[in-house]
Amino acid sequence: MVRVSVPALVEGKAYVPGLSREYVAEKYNIPMDQIAKLGSAENPYGPSPKALEAVKAAEGRIDLYPDWTAKALREAIAKRYNLDPDCVVCGSGETEVIAMVIRAFAAPGEAILMHEPCFPIYHIYSNCEGRRPVFVPMGEDFEPMVDRYIEALKQKPRIAFVTNPHNPSGRFIEESDIRRICEAASKETLVVLDEAYIHYTETEGGMHLLPDYPNLIVLRTLSKAYGLAGLRVGFGASANRDLILPLWNIKPTWNMGQVQVAGGSAAVFDDEHVEKTVKTIVEMRDYVTKKLSGLNRFRMVPGSRSNFFMLEILDPAITSTHLFNELLKRGIIAKDGLDIMKGGERYMRIDVNLKQHMDRLVWALGDIEASQAAE
Ligand SMILES: Cc1ncc(COP(=O)(O)O)c(C=O)c1O
């Protein structure tokens, strides 16, 4: 047997994705169309129709190598957001851009700043690549505590991740605070503003801040409001070409296939699909907030501006894994807090979705409360 060494650090937990409908349907014998898939923050309306059409039209080109920098997609993104196409880098999902950023801008052993909790990929990749994640705690109900984050910037990390709105809490950081963070970061720190869920805040986000801050990169994904999680399209943008060129160089050469480029280029102009999605999510966020306010053993953490929220488990007799399994039995897939954060056994992350799924969630939590009271 050949024994290879593993210089990448592989300690710690791997990323835990949400479960599929098929798995739950089979295990619990529940019809697929009744299952509420509330663990992966996907789009309830499916893919952007414009993207779908473009994807079908692209099938005749899959025998040809794509442009190695996804030029057509960069140009579409640049047109949509008023950027220079040479200041855009595309990735097979935003996750790939995050991986490139970590490898390009921090050397092994160097510090990468992030909130605790945060999107786990930041620290999973940092650890795998031998970079050093440094965590800034959040306050009550996941308050971002921007002053504390700014204090931590004094240690001059190589990269500072800021997620807006935050995952997993959905908390929003105001533009004035984003500006304070960019201004407090030293020249040696790259600020990475991750706006994967920005559409759900009904703000324009931070793209227009780019010309003001040469050490800023904004990351976006088409997995959420555009409904293209399975296509794998994300991108990074900056006003500073010097931040984008290293990412082009480090990325796997043909990382964006013909189909991704075609679908992504059409999707960024599909405002209709995004508006319909955002309208429903915002309405349902208010709806479920009201509906869950009557619970005793559970509490929705207030302040989410995203398409998910944190549910706090108030009853000490219930753990997140117990609740996760009880929800599964009732046809609901959520995200166990333990899989996303330290101390997560008191929390679940749950998506906002169509009314029928929110009603199922409200019923299931009430039912779990009632059976707990009976024990
Ligand atoms: C905060 C955040 N950033 C980035 C991503 C990555 O999205 P994708 O790789 O699908 O583009 C996610 C996905 O869940 C996320 O939650």
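This is a predicted model: local features need pLDDT of at least 70, side-chain atom pairs count only at pLDDT 80 or more; totals for chains, interfaces and linings use all residues.
Residues are numbered from 1 along each chain as its sequence is written. Local features need pLDDT of at least 70 and side-chain atom pairs pLDDT 80 or more, while totals for chains, interfaces and linings use all residues; side-chain values use heavy atoms, without hydrogens and water.

The structure holds 7 aromatic pairs (rings of Phe, Tyr and Trp, the last by its six-membered ring, with centres within 6.5 Å; planes under 30 degrees apart are stacked, over 60 edge-to-face, the rest tilted).

Select tryptophan 68 and tryptophan 248 to see an edge-to-face pair, 6.0 Å centre to centre with 80° between the planes. Tryptophan 68 lies in the loop between helix 2 (49-57) and helix 3 (71-81) and tryptophan 248 in helix 8 (residues 241-250), so the pair ties together parts 180 residues apart in sequence. Helices here are DSSP runs of H or I, at least four residues, and strands are runs of E, at least two, numbered from the N terminus. Tryptophan 68 is partly exposed at 36% relative accessibility, whereas tryptophan 248 is buried at 9% (buried is under 20% relative accessible area, exposed over 50%, partly exposed in between, with a 1.4 Å probe and protein chains only).

Next, select tyrosine 197 and phenylalanine 308: their ring centres are 4.8 Å apart and their planes at 85°, so this pair is edge-to-face. Then select Phe119, Tyr122 and Phe161, which ring pairs link into a cluster.

Finish at lysine 276, which lies over the face of tyrosine 45, 4.3 Å from the ring centre (NZ of Lys or CZ of Arg within 6 Å of the centre and within 35 degrees of the ring normal).
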